[in-house]
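Here's a quick tour for anyone about to set up a calculation on this one.

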Amino acid sequence: TADRRVRNDSFLMYAGHSLLRLCSNVGTSAVIMWRAVLMFTIVIVSVGGFDDLQDMLSSDNVLDNLKKAMGDSSWRIHPLLPPSMSSVRSTARLRHSRHLLGRGSSVQSHLPTPEALAGGPFQDLSGTSIYGMGSSSRMIQDNHKPVFTNCSKYQPSVKEEEPAGTFVFRVTATDRDPPENGGNITYAFVSAPGDRLKFSIDSQTGDIRTRHMFDRDEPSREKEQYLTVRATDNGRPQLDDVCTFKVIIEDINDNQPVFDKVNYVESVPQDLPPGHEVMRISATDIDDGNNSIVFYDLEPKVAEDGKYFHIEKTTGVIFLDRVIDKEPGYHFRMKATATDQGEVPLSSAIELEISVVESHKKAPSFTSTPHTPIYLPENLTDFSYNIATLKAVSNTDEKAPVFELVFGRTEQTNKLNTFRLETEGTTAHIRLARHMDYESISEYTLTVRIQNKYALAAETTINIQLSDVNDCIPAFTEVVSGSVLENEPPGTPVMQVRAIDADSTSSNNQVTYELADNQEYFAIDKYTGNITTLVTFDREQRDFYNVKVIATDNSPSALYETGEHNKGQQVFRIEIADKNDHPPKFTQERYVAEAIPEDANINALVREVKALDNDTASPVTYSIVEGNTNNAFLVEPQTGKIRVNSQLDYENITSYTLKVRAFDGVYEDYALVDIKIENVNDNPPVFLPYKNNITIMEEQLVPGCIVTLKAYDPDIQDRSADQHIVYSVVPKQDQGTHLTIDNQGCLSLLKPLDRDPPNGFDVWQVLIQANDEDGTPQTALHQATVVSINLIDINDNEPYLDMPGPVVWRENQPPGIITTLNAKDNDGPENGGPFKYAIAGSASSEIQSKFGVSGNDLTALVTFDREEKKSYQVQIAITDHGIPAMTGTSTLTVVIGDVNDNAMKKGSSDIFIYNYKGEAPDTEIGRVYVEDLDDWDLPDKTFRWANGLSHENFDLNYATGMITMLRGTPQDSYLLKFLVTEEAVLIPRHTVEAVVNVTVKVIPEEAVDKSGSIRFAGVTAEEFITPDSHGMSKKSMLQARLARWLNT
């Protein structure tokens, strides 16, 4: 009772399954009389003002008044605030002390802790979880299964030829549980392995759509589809329900009528009386209903011919309307149209011809035809049975007309030869040729034609209708199992079974159900197949039942002669699902993990905790709730394995105590895990400050320490203790072994240091490494630092020319500046330039007479002729600016550039070609040779074939004179003649002859395998082939010498 007025609030009070509602505006005099005989929890939930409720429950007066109102001061009352409140003060619980006598601490184990209240729903003493916000509550243990409430009323349909993705309808199952605790339903089809599903279902909404374009007509005949949908909740354990229903594929008018013949040609006697039948046409539409009903129309090609005939609209029989006054041989040409009766009619047309014959020629006629329709059972198997008998006369001198069973263009008109015709004189019998199936085709229209020798004919149609027989045994759908929770009351739904009878008529395909066993535990609805419980099950006694269900159709079987009905049976496994009524329990109250190294890998296993739960359907999940500083660890929710989650550091934290929670969805337990961190050598040495930039003289061996370094190990807390540091100079390939350091950190020289290139540096960067643990290879850590040594330069390097060469100076030029000289000195700037240049005293007299130096320029003292000498090696002396100064000598090559100042003369040359296996491709073999003292004059020359005739095996480049041997040139000697024309500034235009003798020799593979090679050094290719004053070149001299040695 409230001790003050609380406006605009409502309260809900739960005690077990009892509910009291306190309305708004509760006055101070209101007293609730309620004596409890069991332990219970009262949960008061504010729908209105929250602050008033919190204050009211916190008031001692309220609690005292409530005790008095209950008439018993032995009640203990504690305020309980909902978990959504920001401050949960304590657990509100009314407990009668007399009821607690003898219970000891076992009751306390079921009481929710503040942590439990903060993390989940309220709990009563029986362990039932209650959601008390608002006006609804749900017990988590009451894990209800989803139910299709309208399954038997589902009558979905979809039109044929609709595209994939077309919406069909929505299935809906309901579950009384809240969505977050078992009430969230997902949908899926139940199908056999390998089935090609023709529909899709949205797992969340239950919307069913097509994933296939259906065709109701032949040959597919997709008239109906059976679907089984399973609805599964998210409870623990997951429960489900199934619903099987039929989807009707509705017909659309998508097929036009099809005539049973490609064309129609008949004859009519000239004296046929009006009103007589002339001929019949027939068309079939494979659609259903009005879409398959065909009406006929007749239209003449010649308007005058229209008055002779008319066609019966529904049968297609054409009658004569007036006496034929046309001569024999006249042809009536007409167009017949067949139109279906669909909402949007479709039609097809065909040409027909009726020929007039002489009056004495009579058409054959039927004398006896059967009455139609003829009814046949679909399971007729007597292939000698006369289904229909026809008699006819030819009306000529023939003994009998010719009978023909017309094969139509659809299955209903005998396209597949389901029937055959056998004749005996003037009698014909229609007999069965193939087995029939009512579910595929229920009606046939046969056309029998007779014809005599005058090609006159008559036709009649026979309608055969099949009767459905009970030849299909009910077959169960793919659902083979169900489940029900233990401790549920009798009458609880378990599952629905469904058997399908493929017979097409309701007189044969209605199925009823019965149980073959376990009738003491389960009941089944005879018509719906819904299985319900008869008892309350205990999973600990038995966890499943195999229940056999028999499905029986509603008429005597056509498969047996006993008169019994068709029956199908299947055994279904019904599992008794576990309820979550046991809390998890850790196997230990405290777990210990010793000596976890601080450098353990991320995800390394630390310890595994385990909580046992007697409920098999309630998996236990684990979480760390306390003590996980810096998220150092994680626990795998499903396994309880605790792993390293972030880098550990012994220097910061040496141990952890984790509080781990085991939770099964309702109940929880806690355990502690002590983790001890082990120190490892994970900190490298640290250098103390030192002088890291020192200066010494190059090329001098400085005695003693040039610098002393010190480092300490952070893993050793006592800095005054031996740090066990070992120092070393890290070798560098370009520095060699010039320095060393001892274990006291004294860095000293082994060799003087060089400042200058190519092996020296003006600043030597020396890398010093400190290793802890006395440098033990397996465990030591190291740290490195750089010592910079600056070297003072001395003048110990001669300068040298630093410029590209050779230098070109054209012949015939007057004396002048050839180039500007540039030098370099490997010493420092103070010992380098500016430089002084001169012709070296060691140079030859020729060099000194032809070249000079003026300042920084090399000059020509004379005019040069390339034909006299092509290049000169000029020695130049260079003096630096150092103290004392140093002089070096460098050689510069001066090439005398050619000027075309000599006329050419005719020339001849020999080219010898080895063609490997005769497979050489197009190959450049050399240039056309003429005698010419100039050698840079190729641009002034042009080349052509003598007499203007090219050679079939060789090609000539007219600009360069290059000769190319073409692919496929046979082994032989070839004398090639050319004309070479030259013209330059100093040379007038002139032409000379040139002859090239080419010898091509094919060499086999063996010759190449046994060949050798010679490499020449110190001579250019030009020098090798250029003849001397006696006409001999080094090349010809080598050839002669080799020939003499090899005796060839």
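## The big picture

Keep in mind that this is a predicted model. The protein has 1048 residues, and 44% of them are buried. On the secondary structure side, you get nine helices and 73 strands.

As for contacts, take the ones with a separation of 6 or more: 66% of them are between residues 24 or more positions apart.

## Disulfides at a glance

A disulfide is a covalent bond between the sulfur atoms of two cysteines. How many disulfides does the protein have? The count is two. With the bonded cysteines numbered in sequence order, they pair up as 1-2, 3-4.

## Cys151 and Cys243

One of the links runs from Cys151 to Cys243, with an S to S distance of 1.9 Å. Cys151 sits in the loop between strand S6 (129–130) and strand S7 (157–159), while Cys243 belongs to strand S13 (residues 240–250), so the bond ties together parts 92 residues apart in sequence.

What is the handedness of the link between Cys151 and Cys243? The link is right-handed, with 95 degrees about the S-S bond. As for solvent, Cys151 and Cys243 are both buried.

## Cys705 and Cys746

Another disulfide joins Cys705 to Cys746, and here the S to S distance is 1.7 Å. The two cysteines are 41 residues apart and link distant parts of the chain: Cys705 is in the loop between strand S50 (693–697) and strand S51 (707–708), and Cys746 is in strand S55 (residues 746–749). The torsion about the S-S bond of Cys705 and Cys746 is about -110 degrees, so this disulfide is left-handed.

Buried or exposed, where do the two ends fall? Cys746 has a relative accessible area of 14%, which means it is buried, since the cut-off for buried is under 20%.

## One more cysteine

Cys472 is also worth a look. Its relative accessibility is 16%, so Cys472 counts as buried.

Terms used. Residues are numbered from 1 along each chain as its sequence is written. This is a predicted model: local features need pLDDT of at least 70, side-chain atom pairs count only at pLDDT 80 or more; totals for chains, interfaces and linings use all residues. Side-chain values use heavy atoms; hydrogens and water are left out. Helices (H or I, at least four residues) and strands (E, at least two) are DSSP runs, numbered from the N terminus. Buried means under 20% relative accessible area, exposed over 50%, partly exposed in between (1.4 Å probe, protein chains only). Contact means heavy atoms within 4.5 Å. A disulfide is a pair of cysteine sulfur atoms within 2.5 Å.
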